[in-house]
Amino acid sequence: MWDSIQNLVPKVAGKYSFTRTLKAIEVCQEYRSLAPRLLKTDALNHTFAKSYEKNVLTIGVLNSVWAQKVQMNRHLIQDEINKKYGPRVIANIRIEMAETLPGDLLSGMPEEARPSST
C-alpha cells in the first residue's frame, strides 16, 4: 500500500516533466559524495559540481592545482557516476575556474576551514 519516497520521486518527476532536473541533482550530489574519496579529503573545500546538462558534468574549481587534480581523475569520476546511474549518463566532464564556492557549501563550513579568497 505504501511506497517509499525513493520509488515515488522518479515516478512523480516523470509525470510532471522534471526528470532532467532530478537527474542533474542526483549527478551533482553523487560528485559531492565521490570527490573526497577520489580526489582528496578536502576536495569539497576547493571543487564543486556546478551543473549537469546534456550529459556533461561541469565541475567548478578554485585554482589551477585543483583543476589539474580533477583533470587527472576525470575518468574515475565519470566511470563511478556512470556505474551508478547507467552508461553515458556522463559523456564528458568540463572544468571551469570559479572565484568562490557556492553559498550552500560555505554555509556548512567552519570559518577557519573556508578557502581564502586571495
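Biologist: Why is the pairing of glutamate 26 and lysine 23 called a salt bridge?

Modeller: A salt bridge is a side-chain nitrogen of Lys or Arg within 4 Å of a carboxyl oxygen of Asp or Glu. The N to O distance between the side chains of glutamate 26 and lysine 23 is 3.6 Å, so the pair meets that definition. Both residues lie in helix α2, three residues apart, about one turn of the helix. This is a predicted model, in which local features need pLDDT of at least 70 and side-chain atom pairs count only at pLDDT 80 or more, while totals for chains, interfaces and linings use all residues. Residues are numbered from 1 along each chain as its sequence is written, and side-chain values use heavy atoms, with hydrogens and water left out.

Biologist: What makes glutamate 26 partly exposed?

Modeller: Buried means under 20% relative accessible area, exposed means over 50%, and partly exposed is in between (1.4 Å probe, protein chains only). Glutamate 26 is at 26%, so it counts as partly exposed. Lysine 23, also with 26%, is partly exposed too.

Biologist: What does the salt bridge between lysine 50 and glutamate 96 tie together?

Modeller: The side chains of these two meet at 2.6 Å, N to O. Lysine 50 lies in strand β1 and glutamate 96 in strand β3, so the pair links parts that are 46 residues apart in sequence. Helices (H or I, at least four residues) and strands (E, at least two) are DSSP runs, numbered from the N terminus. Lysine 50, at 43% relative accessibility, counts as partly exposed, and so does glutamate 96 at 27%.

Biologist: Which residues are linked with Glu80 in a network of salt bridges?

Modeller: Arg37 and Lys83 are linked with Glu80 in that network. The closest N and O atoms of glutamate 80 and lysine 83 are 3.4 Å apart. Both residues lie in helix α3. Glutamate 80 has a relative accessible area of 22% and is therefore partly exposed, whereas lysine 83, with 63%, is exposed.

Biologist: Why are β1 and β3 said to stand at the edges of the sheet?

Modeller: The open sheet has three strands in the order β1-β2-β3, with mixed pairing. β1 and β3 each have a single partner strand, so one side of each is left without a neighbour in the sheet. The twist averages 25° from one strand to the next.

Biologist: Is histidine 46 buried or exposed?

Modeller: Histidine 46 has 17% relative accessibility and therefore counts as buried. Histidine 46 lies in the loop between α2 and β1. Leaving aside neighbours within four places in sequence, histidine 46 is in contact (heavy atoms within 4.5 Å) with residues including Trp66 and Leu101.

Biologist: What makes the meeting of histidine 46 and aspartate 42 a polar contact?

Modeller: A polar contact is a pair of N or O atoms within 3.5 Å; within protein, one must be able to donate a hydrogen and the other to accept it, and residues adjacent in sequence count only if both atoms are side-chain atoms. The side chains of histidine 46 and aspartate 42 meet at 3.4 Å, so the distance is within the limit.

Definitions and conventions:
Two strands pair if DSSP finds at least two bridges between them. Axes are lines fitted to C-alpha atoms, for helices over the stretch in contact, and angles run from 0 to 180 degrees between N-to-C directions.
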